[in-house]
Amino acid sequence: MVAGVDGAKGQWVVAHYDGRRVDWIVATDVDRVLDATEQCVAIGVDMPLSMPETGYRVAEVEAKKFLGPARSSIFHTPVLDVLSAENYADACAISRDRTGKAISKQTWHLLPGVRAWRAAEFAADRVVEVHPECSFRLMDPGATFASKKTGRGAGQRLRALQQWIDPSNLSDGLAELPPGPLLDDALDAAAAAWSAWRFSRGEHHTFGTADSADRIVA
């Protein structure tokens, strides 16, 4: 059993995968995510699990290059000192001092999730960072993916997932999804589970370094 995890408006949607089917649940915090995935041999998380002291992470630079036109879907992880900022303006000032650039509002809103995972206790060889857009492009390298917020983009991602999940299981699982997560949250969690499955079998692609300090798995 493996799992994929994606943020969903203050909660976390978790996709369990056992090699045959996917089942989704919703967890209210990271501790509950870890409780729900205790039996999983690998967990793929769509959230930065490491932060640089200065500059940018090599893993994100490589992943952006891989994504090409979709590179904007990856927000550069801010430097570690940004976590001490009390407001967005302070965070931007710290980031400019370390990198020469401010952080985006989207990145600022990710920081509570980053803090939650940094505070959690987990094995670094079992919980790995993923980026679902990289996962989807490795699943279906011939596709030119539209935005995941569009009907076309959702259909493309469903088609990619159906290569390894039975379509009836996929539709049934989505129909039984608890209230809260959007469609793209659930699909991203499933893609993260696919990457976790590959990681558990040693079939994954690594952006960055082999160790967990600067690594994105797909």
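How are helix 6 and helix 8 oriented to each other? The views below take up this pair and two other sites in a predicted model, in which local features need pLDDT of at least 70, side-chain atom pairs count only at pLDDT 80 or more, and totals for chains, interfaces and linings use all residues. Residues are numbered from 1 along each chain as its sequence is written, and side-chain values use heavy atoms, with hydrogens and water left out.

**View 1. Helix 6 against helix 8.** The axes of helix 6 (residues 151-161) and helix 8 (residues 183-200) come within 11 Å and cross at roughly 30°, and the two helices are therefore roughly parallel (angles under 35 degrees). Ala-154, Arg-157, Leu-158 and Leu-161 of helix 6 make the contact (heavy atoms within 4.5 Å) with Leu-183, Leu-187, Ala-190 and Ala-191 of helix 8.

**View 2. Helix 5 against helix 8.** Helix 5 (residues 132-139) packs on helix 8 at an angle of about 70°, with the axes 9 Å apart, so the two are roughly perpendicular (65 to 115 degrees). The contact involves Pro-132, Glu-133, Ser-135, Phe-136, Leu-138 and Met-139 of helix 5, together with Leu-187, Asp-188, Ala-191, Trp-194, Ser-195 and Arg-198 of helix 8.

**View 3. The surroundings of Met-1.** Not counting residues up to four places away in sequence, Met-1 touches His-16, Tyr-17, Asp-18, Gln-39, Cys-40, Val-41 and Ala-42.

Definitions and conventions: Axes fitted to C-alpha atoms, helices over the stretch in contact; angles between N-to-C directions. Helix = DSSP H or I, 4+ residues; strand = E, 2+ residues; numbered from the N terminus. Parallel < 35°, antiparallel > 145°, perpendicular 65-115°, else oblique.
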